[in-house]
Amino acid sequence: MKVQVCIVGGGPSGLLLSQLLHLRGIETVVLEKHGREHVLSRIRAGVIEHGFAKLMREAQCGDRMDREGEIHEGVQIAHDGVIDRVDLKGLTGGSSVIVYGQTELTRDLYEARDRLGGKVIHGAADVALHDLESARPHVTYRVGDKTARIDCEYVIGADGFHGVSRKSIPAGILREYERVYPVGWLGVLSRTAPVSDELIYAKHERGFALCSLRSRVLSRYYIQVPISDTAESWSDEAFWSELTHRLPADVAAGLVTGPSIEKSVAPLRSFVAEPMRHGRLFLAGDAAHIVPPTGARGLNSAASDIYYLYHAMLDHYENHDDRGLDDYSKKALARVWKAQRFSWWMTMMLHRFPDSIEYDRKLQDSELAYLFSSEAALRSFAENYVGLPF
Ligand code: RFL
Ligand code: PHB
């Protein structure tokens, strides 16, 4: 098979780029290791920036998001028995975030790919990238016992943190920066009314907790757990009991509990790989960088990569101008590192780390005290949370 752009990974990054390029007449194929239902069963992000939402509309995938997504004009932080609110709208001159699940967004992208007859190959095993430093790279893969080859002009590595694309860049060229946190998030999805209209991030001496939602009848809650814990080691009852402990009493009193529909533990990690380009390979999204979920930046950072890459590809194919491709890594990384900083900062401020000393905990208190006593600090928080400009 011959195609202009071969995209490895059928998560949100890969699908969005494929859809955008297709609409401009640039041919793509997406190679996805898993089946569609598997991809759609991963419960992940819930908070979307307006820049990302705009890109979804440009990809003709925004209708359901605009109908069913909830606009959130503020977020709340519970600490020391009080709840403080960050007025995102007021502090940013009118901006906000959209609460719309990654599962739904990915479903919308798959349906859009179906409508246009986009090529997405599921169950692609043993994906390998070849001749990335030449003008004619190719990708090989296997489905069942059949192997196949795709000749292309560009390869996009959108295959997440555990994918093959980043590992195809020679070790002497790639630099990796990483911080692993000694805690995880246990997440529960339940068909219950959310405890609050707005997200509540809670700092507590027993550990961090987050109250989020997917709709008026679907809640998403998280609690910080030791990294060695598994979802199976937590019964629903134990989860609800621990969450109740970590929320202010008046919030906990309104908590509606119910059976978990999904329960999983996510490790907390900050990671950046540089550069994001090697020859004809361009990395995007979690393949190149990940953040702890505390600042809700992961998927949004993936979206900004796609924005830069999409425009760079358009300039190449429509205007024979390669400056966007040449600048991609530098431009994407500049924004990526800002999301890293914000996610790290929010994570450090709100979690209870097993190795923390009293001094660290006093600093956490003073971070919060400063945040809610300074309009400049609140404005900075809000500006980062709604998403820095692309
Ligand atoms: P994905 O979603 O990991 O998709 C990569 C796809 O590539 C496939 N793949 C391969 N395909 C072919 N060959 C191979 N060798 C392959 N290896 C892997 C995989 O099967 C998969 O389908 O990466 P992508 O598209 O870059 O998207 C990134 C986002 O998924 C991620 O950043 C977010 O989920 C992070 N995140 C959040 N981000 C936000 O912006 N806001 C949030 O509120 C938010 N909450 C979260 C989150 C992530 C979480 N977890 C579980 C890590 C909450 C959680 C709990
Ligand atoms: C979620 O709803 O899954 C969610 C929301 C905000 C975060 C992380 C996850 O910071």
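The shell around ligand 2 draws at least three residues from each of domain 1 (5-70 + 97-178 + 269-350) and domain 2 (180-268 + 352-386); the domain bounds come from an automatic or database domain assignment. This is a predicted model, where local features need pLDDT of at least 70, side-chain atom pairs count only at pLDDT 80 or more, and totals for chains, interfaces and linings use all residues. Residues are numbered from 1 along each chain as its sequence is written, and side-chain values use heavy atoms, without hydrogens and water.

Start with the ligand. Around it stand 14 residues, and Tyr201, Ser212, Arg214, Tyr222 and Pro293 come nearest. A residue is near if one of its heavy atoms lies within 4 Å. A side-chain N or O atom of Ser212 lies 2.6 Å from an oxygen atom of ligand 2. A polar side-chain atom of Tyr222 is also 2.6 Å from a ligand 2 oxygen. Taken alone, ligand 2 exposes 280 Å², and the protein buries 97% of that (Shrake-Rupley method, 1.4 Å probe). Strand E15 (209-215) gives the most to the shell, with three residues. Strands here are DSSP runs of at least two residues, and helices of at least four.

Now the backbone. Most residues other than glycine have a negative phi, and most peptide bonds are trans. The bond from Glu274 to Pro275 is cis, with omega near -5°. Pro275 sits in the loop between strands E17 (260-274) and E18 (277-278). Gln60 has a positive phi of about 60°. Its loop joins helix H3 (50-58) and helix H4 (63-68). Ala296 has a positive phi of about 55°.

Technical notes. Chains lettered and ligands numbered in written order. Polar contact = N/O pair within 3.5 Å; in protein donor to acceptor, adjacent residues only side chain to side chain.
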